[in-house]
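The following note reviews one structural model, taking its packing point by point. Please read it alongside the sequence and the coordinates.

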Amino acid sequence: MIKEKYYISDFCSIRDKKIFKNGDQLHIDLESDNLKDFAKGVYKFLELKYPKFHKMDELCKLGFLASEVLLKDREKVDRDTALVLSNRSSSLDTDRKHQISIQDREDFYPSPAVFVYTLPNIIMGEISIKNNLKSENAFFVTENFDTDFMSNYSKILMNTGKASNVICGWVDLDNDKYDVFLAFLSKKGEKELTKEELNNLYNQ
Amino acid sequence: MAELREELKEKLIEQLSLEDVEVSEIGDDDPLFGDGLGLDSIDALELIVLLEKDYGIKLKDPKEGKAIFESIGVMADYISKHRTK
């Protein structure tokens, strides 16, 4: 039985070369020709100093940048803040790059730096390392952002004391087409955590 | 040898995505790991692939890399002695 009320404290999205936080446009970059350049531009915009960012694959970069936007104004993030993410395309974008590097037996040079990103849950590892999180995390591959499942799963984590907060969302990338939405869920906020509210904010 | 060292610095920046690093900032004797360029274990594996792909050097034991990848200078010296392409 889920009794405690939880809230969507903050939320952000990255779509169509634009970044929104809590409904307000934070950044727009119509100049970049591809996702790599767009991500680099956002990195500069956020004034990040994190060389490891440049080694990430594009999916990780998107999740990482969204987490930086989401957590931007917080003095600290509780170490037991759980991460519950999902997407449709898993790590397909990087899987293809890896496949290309191993399909020719005469030119067989798989890149370790590419291979390590052939799992979508690496995004959560990168976010955890940056924010020093020691917490529960789960990554689900679903056809669409399942707000019913994701809000329930997050509530259970908080209700059972597994996490004091949850960063939940959708980080999808396939062939330069991306859709990113993250929400910070906690006991504080104005928007109550319901599947409908999460769905509304995702579709804003 | 100087040419090979410059070539290696460029390859390192490109292959290891060291976007914030310029060729001129990498000294020939700077340590590549630890306090130097701060490369990690995945970078070490990437360097092993680079040795084989670009210079035809296949390390029998990956642990050999620890000594070979000490600095650009040491790496260039090793490559010039063992390269097959």
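1. Which residues does A:Leu62 touch, leaving aside residues up to four places away in sequence? They are A:Ile14, A:Ala39, A:Val171, A:Leu173, A:Tyr178 and A:Val180, contact being C-beta atoms, placed from the backbone, within 7 Å.

2. The model is predicted: local features need pLDDT of at least 70 and side-chain atom pairs count only at pLDDT 80 or more, whereas totals for chains, interfaces and linings use all residues. Residues are numbered from 1 along each chain as its sequence is written, with chains lettered from A and ligands numbered from 1 in the order in which they are written.

3. A:Leu62 is among the residues with the most contacts inside the largest nonpolar core, which has 48 residues. Such a core is a set of buried Ala, Val, Leu, Ile, Met, Phe, Trp, Tyr and Cys residues joined through C-beta atoms within 7 Å; buried denotes 20 or more other C-beta atoms within 10 Å of a residue's own, exposed 12 or fewer, with C-beta atoms placed from the backbone.

4. Apart from that core lies another, of 15 residues, including B:Leu16 and B:Ile72.

5. In helix H1 of chain B (residues 2-15), B:Arg5, B:Leu8, B:Lys9 and B:Leu12 are buried. They cover an arc of only 100 degrees around the axis, and therefore lie on the same side of H1(B); the arc is that of directions from the helix axis to the C-beta atoms. B:Glu3, B:Glu10 and B:Glu14, on the other side of H1(B), are exposed.

6. The buried residues of H1(B) pack against helix H4 (72-82) of chain B. Helices are DSSP runs (H or I, at least four residues), numbered from the N terminus.

Notes:
Contact = placed C-beta atoms within 7 Å. Helix = DSSP H or I, 4+ residues; strand = E, 2+ residues; numbered from the N terminus. Expected span 1.5 Å × (residues − 1).
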